[in-house]
Amino acid sequence: KEGGQYQHWWSVPEMEVPTTSIKFLGRGGAESSLCVGYSSNAFNIFNLESRSLSQWNTDMGFPLVKSLPRELTSRSEPVTRIICNPSSPQKLILGAHGFFCHVDLHQPVPDKANMFPPDHLRAKRIQMPNSEDNSMHSLRRQEKQKKANRGSNSNFTICLRYDSILFQDFVADNEMVIVEQPWLSVLEDLPDALSRRVYGT
């Protein structure tokens, strides 16, 4: 803002996939940045002062989607919200309708993301082996790898505890609220089925 009027500062570069969410960052002494999420569940962080990609994105490489865990980028539902804890500006939460993912920009990105709860049905679906890798040996190897990854790096952990999330945000430091509306509660509010007459019987 200059001379009492707003001035155009910068146009964020367009990507090959649609944008689904944005979030301004920079609280707690962190540099002013803009986090942009895409339909591929990848995201870019732009440094607003230098009008360029952040150092984190530069270190990760381009396109970023190839450097992120498959458990995040292969999900069919896109990230629709980006929130951050006021007390930890380096940490983000990528939220969607049926999951959210915890991201710590100061921690390395794992090859495979952990799921919480680990025994959730939707977690098992995405970890099912493909037709070319369905031997008992490969299953045991995947189980060992899952146990090794669990606890070794909690970055990009995907939480499946909640579903049909309508709202999610921090209301104070280290205090987050989630509003969900399960489909079963929606079905309970629907009226009874209409009776119809079947002709010809």
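Select Val179 to begin, a residue found in strand E11 (strands, E, of at least two residues, and helices, H or I, of at least four, are DSSP runs numbered from the N terminus). This is a predicted model, in which local features need pLDDT of at least 70 and side-chain atom pairs count only at pLDDT 80 or more, while totals for chains, interfaces and linings use all residues. Residues are numbered from 1 along each chain as its sequence is written, and side-chain values use heavy atoms, with hydrogens and water left out.

At 36% relative accessibility, Val179 counts as partly exposed, because that class lies between buried, under 20% relative accessible area, and exposed, over 50% (1.4 Å probe, protein chains only).

Strand E10 (165-172) gives the largest share of the patch, three residues.

Now move to Asn47, which lies in strand E3 (residues 43-47) and, at 11% relative accessibility, counts as buried. Show its contacts (heavy atoms within 4.5 Å): leaving aside residues up to four places away in sequence, Asn47 touches Trp10, Glu31, Ser32, Ser33, Ser52, Leu53 and Ser54. Finally, select Ser50, whose backbone nitrogen lies 3.1 Å from a polar atom of the Asn47 side chain.

How values were computed:
Polar contact = N/O pair within 3.5 Å; in protein donor to acceptor, adjacent residues only side chain to side chain.
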